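Trainee: I have just opened this one and would like to go through it with you. Could you take my questions as they come?

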2 protein chains.
Amino acid sequence: MFQDKRLLIYAPGEFGRGHSKTAEGVLRYGRNPVVGIVDASRSGTCADVIGIRPDVPFYPDVASALSAGPQALLLGTAPRGGRLPAEWRADIRLALEHGLDIISGLHHVLADDPEFRALSARHGGTIFDVREPPSDLPVGNAQVLSVPAQVVLTVGSDCAIGKMTASLEIEKSLVRRGRKPLFVPTGQTGIMIAGFGISIDRVIGDFMAGATEKLILEHAPGHDIVLVEGQGSLLHPGYSGVTLGLLHGAMPTEMILCHQPSRQFIRDTTMPIPPLPEVIALYEAMTLPLRKAKVIGIALNCFDLDEEHTRREIARVQELTGLPTTDVVKFGADCLAEAIDKARA
Amino acid sequence: MFQDKRLLIYAPGEFGRGHSKTAEGVLRYGRNPVVGIVDASRSGTCADVIGIRPDVPFYPDVASALSAGPQALLLGTAPRGGRLPAEWRADIRLALEHGLDIISGLHHVLADDPEFRALSARHGGTIFDVREPPSDLPVGNAQVLSVPAQVVLTVGSDCAIGKMTASLEIEKSLVRRGRKPLFVPTGQTGIMIAGFGISIDRVIGDFMAGATEKLILEHAPGHDIVLVEGQGSLLHPGYSGVTLGLLHGAMPTEMILCHQPSRQFIRDTTMPIPPLPEVIALYEAMTLPLRKAKVIGIALNCFDLDEEHTRREIARVQELTGLPTTDVVKFGADCLAEAIDKARA
């Protein structure tokens with residue numbers, strides 16, 4: 001798709017403020033060179049905000065970043081509902097006028113936008129709408145049960161809580177243990193990182209489980225473990241249907257629960273997140289009798305806690321649930337990889 | 001849309017054989033005149049198969065039914081995955097050549113088919129793809145909690161088990177009790193019957209709950225009870241995501257569980273349907289803390305049992321669950337309407 005292109009990441013006013021997980025994911029795990037980040041509310045470099053990539057500076061807009069030589073503009077924040085904010089148009093137009101590709105995970109299909117399509121045709125930049133699913137998806141039917149690999153799904157107490165990151169860190173730890181894992185992306189950022197995948201939240205309801213199944217069936221061969229990126233949460237009133245489609249399509253052999261200790265309420269709601277043992281019980285109850293699965297470890301997202309508080313939270317959750325617990329960004333995912341290894345019959 | 005048009009119902013080889021719930025629903029509850037049913041595997045009239053509408057004869061194909069004067073061909077069976085069977089094309093072409101409208105609930109959008117579109121333009125028949133959702137749907141966010149009406153959702157131990165029928169029969173019983181109910185359709189047949197609605201299983205994952213919410217918010221005013229047609233089942237590996245999107249979008253105040261005593265396995269799978277108390281517990285566990293809801297009655301679909309067996313099953317399930325139980329087609333829905341009335345605080 002867009003391997004090796006030099007990226008300019010677009011996150012105006014949002015970088016590191018809770019809605020830029022796409023931008024941050026590509027910076028942490030992506031393989032492309034990154035020449036800069038557009039966010040007028042920031043100065044300095046990426047490292048000043050998320051502690052990595054001091055080579056990546058901020059720019060106030062696309063115009064001022066063109067001298068750094070980007071080949072593609074990657075839209076790195078996720079506006080609510082996936083629509084295109086009106087104030088982004090001028091920057092996208094400018095990028096296309098300079099022949100850049102556009103990489104987008106928005107619901108709004110940029111390649112269908114007449115103005116963008118015309119600019120793309122005139123100046124040669126390609127528009128990649130990574131969220132657009134293939135059109136020939138099947139209805140799910142538990143075909144994954146025929147795959148010999150372990151299937152580990154990350155699930156969450158809420159949406160946007162670290163499921164992709166947990167899957168990617170577990171992948172690294174499993175490689176070190178000599179396993180042959182495969183990260184299977186189900187959302188735009190994961191697809192941007194891995195170069196394949198289907199945005200399950202963009203798939204028509206009847207085919208969500210089937211799309212998940214298809215991804216696993218096609219890519220599992222050659223791997224002894226498939227790490228499926230989870231989406232949403234069974235507890236989020238807007239996105240829970242996607243989460244269940246993914247759970248019943250992936251038919252995991254094990255689950256890893258992702259949680260953020262400082263988050264008290266389900267995002268966009270006034271609903272408190274229930275105690276973790278209840279969340280675990282809910283996910284386990286919703287696995288089908290065809291293949292019941294357990295949550296076998298916890299990935300805590302303690303990005304907003306200092307090290308002492310993080311260790312205290314890890315100890316508390318480990319005590320509460322009896323499960324191996326870590327913050328995969330701060331301390332790696334080795335204990336989760338070990339639990340996954342042990343769970344293999 | 002297509003009020004008052006004389007319908008020819010298309011169900012080749014399938015009428016009354018388990019995949020023609022659209023055809024049967026329109027025959028039982030629709031308001032349009034019906035001139036015939038296309039099914040070469042049947043002879044006689046509709047009444048010979050489902051016991052109603054002796055005025056509606058079978059025809060072997062569209063050509064032989066044209067003399068009956070249909071104004072619209074309604075596609076009345078649901079092929080797996082919603083695709084258009086290749087062998088239907090000639091009949092649809094013939095109908096369009098004779099100026100008939102086409103009413104379709106398939107995933108395959110007939111109005112986008114170049115051949116059908118051209119015939120529609122040339123001969124004046126309109127193509128209604130009732131499954132196509134509106135494009136401006138929101139993300140769900142529990143807005144339904146602001147609606148003062150009771151919200152009753154039909155849920156199922158499996159898909160295609162009688163949820164729409166239960167909602168429609170409950171509507172009739174509630175009218176007799178002096179309530180002002182509204183049937184809110186969420187699938188193609190319901191839309192064909194009620195003249196409005198959104199096919200939730202055709203909505204993109206992220207917007208399923210939002211679409212449900214939107215339907216209720218727009219149509220609830222003037223009604224003291226909203227009867228939302230359920231879809232799929234939390235236990236069906238292919239469709240469960242749609243079911244949960246609908247459950248969290250509708251945020252019901254009460255649920256009615258639909259079940260078919262003779263069905264042992266979840267459709268398309270080798271998975272036994274769990275005992276009903278487990279199914280009930282699963283649905284209740286999956287209602288969100290924002291508004292927990294109970295299953296308060298059972299609608300059994302005993303179409304394939306004689307009256308004695310039906311009564312025995314009703315008694316058995318009532319004993320097992322402690323809940324009012326009926327077969328709404330054979331004995332009406334009065335006991336369910338009464339339970340709904342009583343549940344109003």
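Trainee: Which residue comes after α4(B), and what is its phi like?
Mentor: Keeping in mind that this is a predicted model, α4(B) is followed by B:Gly99, and the phi of B:Gly99 is positive, near 80 degrees.

Trainee: And inside that helix, which residues are buried?
Mentor: In helix α4 of chain B, which spans residues 89-97, the buried residues are B:Ile92, B:Ala95 and B:Leu96. They cover an arc of only 95 degrees around the axis, so they lie on the same side of α4(B).

Trainee: Switching to α1(B), how many of its residues are buried?
Mentor: Helix α1 of chain B, residues 21-29, is mostly covered, with seven of its nine residues buried. Those are B:Lys21, B:Thr22, B:Ala23, B:Glu24, B:Gly25, B:Val26 and B:Leu27.

Trainee: What sits over those?
Mentor: Among the elements of chain B that cover the buried residues of α1(B) are the strands β1 (7-10), β2 (34-38) and β4, as well as the helices α2 (46-50), α6 (163-176) and α7 (188-194).

Trainee: Now chain A: at what angle do α6(A) and α13(A) cross?
Mentor: The axes of α6(A), residues 163-176, and α13(A), residues 334-343, come within 8 Å and cross at roughly 65 degrees. Because of that angle, α6(A) counts as roughly perpendicular to α13(A). The crossing in which α6(A) passes α13(A) is right-handed.

Trainee: Which residues meet there?
Mentor: From α6(A) there are A:Ile170, A:Ser173 and A:Leu174, and they meet A:Asp334, A:Leu336, A:Ala337 and A:Ile340 of α13(A).

Trainee: Last topic, the contact of the two chains: how many residues does each chain give?
Mentor: Chain A gives 37 residues to the contact, and chain B gives 37 residues. On the side of chain A that touches chain B, the elements giving two or more residues are α8 (208-219), α9 (240-250) and α10 (276-286) of chain A.

Trainee: Which of them has the largest share?
Mentor: That is α9(A), from which six residues of the side of chain A that touches chain B come. The residues on that side of chain A divide into 20 nonpolar, twelve polar and five charged.

Technical notes: Residues numbered from 1 in each chain as written. Chains lettered and ligands numbered in written order. Predicted model: local features only at pLDDT ≥ 70, side-chain atom pairs only at ≥ 80, totals over all residues. Axes fitted to C-alpha atoms, helices over the stretch in contact; angles between N-to-C directions. Helix = DSSP H or I, 4+ residues; strand = E, 2+ residues; numbered from the N terminus. Parallel < 35°, antiparallel > 145°, perpendicular 65-115°, else oblique. Left-handed = near helix turned anticlockwise from the far one by under 90°. Contact = placed C-beta atoms within 7 Å. Buried ≥ 20, exposed ≤ 12 C-beta atoms within 10 Å, placed from the backbone. Arc of directions from axis to C-beta. Nonpolar A, V, L, I, M, F, W, Y, C, P; charged D, E, K, R; others polar.
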